[in-house]
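Here are my notes on the model. Please read them with the structure open.

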Amino acid sequence: MSKLATTFTGLEFVNPFVLASAPPTESKRKILKAFEAGWGGVVTKTIGLHHVENVAGPKTIFQRTSDVAPYVSRNKRPDTVSHSSWNWELISDQPLEQWLPDLEEIKTTYPDRMVIASIMAGAGNEEEMENWRKLARAVVNVGCDAIELNMSCPHMDRKDMGAHIANDEEIIRSILGAVTSAVDVPIWVKLTPATSTLVDAAGAAYDAGAASISLCNTFPSLPLMDPETLKFEVEVDGLVTSGGLGGLAILHQALQRVSDISKAYPDKAISGIGGIRGFREAFNFIVHGAGNLQVCTAAMEEKGSGGVGVKLIQELTQDLSEYMDRKGYSSIEDFRGIARERIVEHSQVRRKSDTYNGGYDIAS
Ligand SMILES: Cc1cc2nc3c(=O)[nH]c(=O)nc-3n(C[C@H](O)[C@H](O)[C@H](O)COP(=O)(O)O)c2cc1C
């Protein structure tokens, strides 16, 4: 067995690298191409039952910065490097009925790769619970290995969907109850980083049967306005709304969220997402406890690969493999979570004197 093989939520991955739910996994064509390139799994673009219609303009922009003029912009400039993606794309507009034969064909063509179906419905009544069950049963019937519950889409007006529900432990539990009663595959729960109750939400999800938490979805954010044109870098008829920031710019924040959950629930599984462009970022998620790694922006940005990161997956697997050889590791379990105990409270970090107790005493 290859040293890159991992068992995560009971599933055998040929390598721990998975394309996240997003444009790289929006169609059968792209997913087949991704598997041909070597990705260990995919989380499909989120599938739902409600009506979806995207904005009448670009859905995603890629923002870059440069050494010479270090501002962030989508505008083309020479010698820039990637900073982030910004998107306001909704979930898949391909109907469930069209997804099902595609998923079946993908799984039959690549039985050794993991297909995780991302699904999303509403909350608060039995009809919506039935929608979750219907989606879950349908994707499992055609061979999907696991399900990721999207409780993190940052682009919903509906208050019973996406990121809005990730603050509500009761809703999280009710959705997990519905889905776990309907199917018998591992359930991953993708949460939003934009809540102060993330650790409690993760705890509720694990307690209600989640096999893993996937973190992070994009961070809610606004695009920039150009000082000369007074236009937002992405807008429709002069209007914009909150969208999601992804890519390298969110790496540190994503790591902190993963670390919080990993410290609170060290025995539970986490799939790390946010800013992975290569081995070093992936390594950082693993040392904080992630046993699986998801990638979106870097795959989308790769030129000539049809947006599925053909070169990227080759580099990721090669660099991880070389690193493990160099260090004598036989699996990522040998270094997964090694940073966990080194993330401590402020007062536990050594000062020049030993009188500081976290700011509780009054300075004299
Ligand atoms: C254009 C775009 C569309 C996305 N669509 C979805 C989606 O349908 N469901 C979902 O769970 N996450 C979606 N995401 C979030 C990604 O799966 C991922 O969590 C996020 O981009 C952070 O990873 P990254 O830094 O590697 O891009 C989308 C991201 C982008 C950029």
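1. Start with a loop. Asp79 is located in the loop between strand 6 and strand 7. Asp79 is not a glycine, yet its phi is positive, near 55°. Asp79 counts as exposed because 9 other C-beta atoms lie within 10 Å. The cut-offs are 20 or more other C-beta atoms within 10 Å for buried, 12 or fewer for exposed, and partly exposed in between, with C-beta atoms placed from the backbone.

2. On provenance: this is a predicted model, in which local features need pLDDT of at least 70, side-chain atom pairs count only at pLDDT 80 or more, and totals for chains, interfaces and linings use all residues. Residues are numbered from 1 along each chain as its sequence is written.

3. Thr9 has a phi of about 50° and is not a glycine either. Its place is the loop between strand 1 (6-8) and strand 2 (11-13).

4. Four strands form an open sheet in the order 6-7-13-12, with antiparallel pairing. Strand 6 (60-66) and strand 12 (219-221) are the edges, each pairing on one side only. From one strand to the next, the twist averages 40°. Angles run from 0 to 180 degrees between N-to-C directions, and axes are lines fitted to C-alpha atoms, for helices over the stretch in contact.

5. Inside that sheet, strand 7 (residues 80-87) and strand 13 (residues 243-246) pair in the antiparallel sense over three bridges. Pairing requires at least two bridges found by DSSP between two strands. Ser85 stands opposite Gly246 in strand 13.

6. Check the peptide bond between Leu215 and Cys216. It is cis, with omega about 20°. Cys216 sits in the loop between strand 11 and strand 12.

7. Next, the helix pair. Helix 1 packs with helix 2 (residues 96-109) at about 15°, their axes 10 Å apart. The two are therefore roughly parallel. That term covers angles under 35 degrees; over 145 is roughly antiparallel, 65 to 115 roughly perpendicular, and the rest oblique.

8. Which residues meet where helix 1 faces helix 2? Lys28, Ile31 and Leu32 in helix 1 meet Asp102, Glu105, Ile106 and Thr109 in helix 2. By class, this contact has three nonpolar, one polar and three charged residues. Ala, Val, Leu, Ile, Met, Phe, Trp, Tyr, Cys and Pro count as nonpolar, Asp, Glu, Lys and Arg as charged, and the others, Gly among them, as polar.

9. Ile31 lies in helix 1 (residues 28-37). Ile31 is buried because it has 28 C-beta neighbours inside 10 Å. Leaving aside neighbours within four places in sequence, Ile31 is in contact with Thr25, Val42 and Ile106. Contact requires C-beta atoms, placed from the backbone, within 7 Å. Val115 is 84 residues away along the chain, with a C-alpha separation of 9.4 Å from Ile31.

10. Last, helix 5 (residues 198-207). Its buried residues include Leu198, Ala201, Ala202 and Tyr206. The buried residues of helix 5 pack against helix 4 (169-182), strand 10 (187-191), strand 11 (212-215) and helix 6 (251-264). Just after helix 5, Gly209 has a positive phi of about 115°.

Methods
Contact = placed C-beta atoms within 7 Å.
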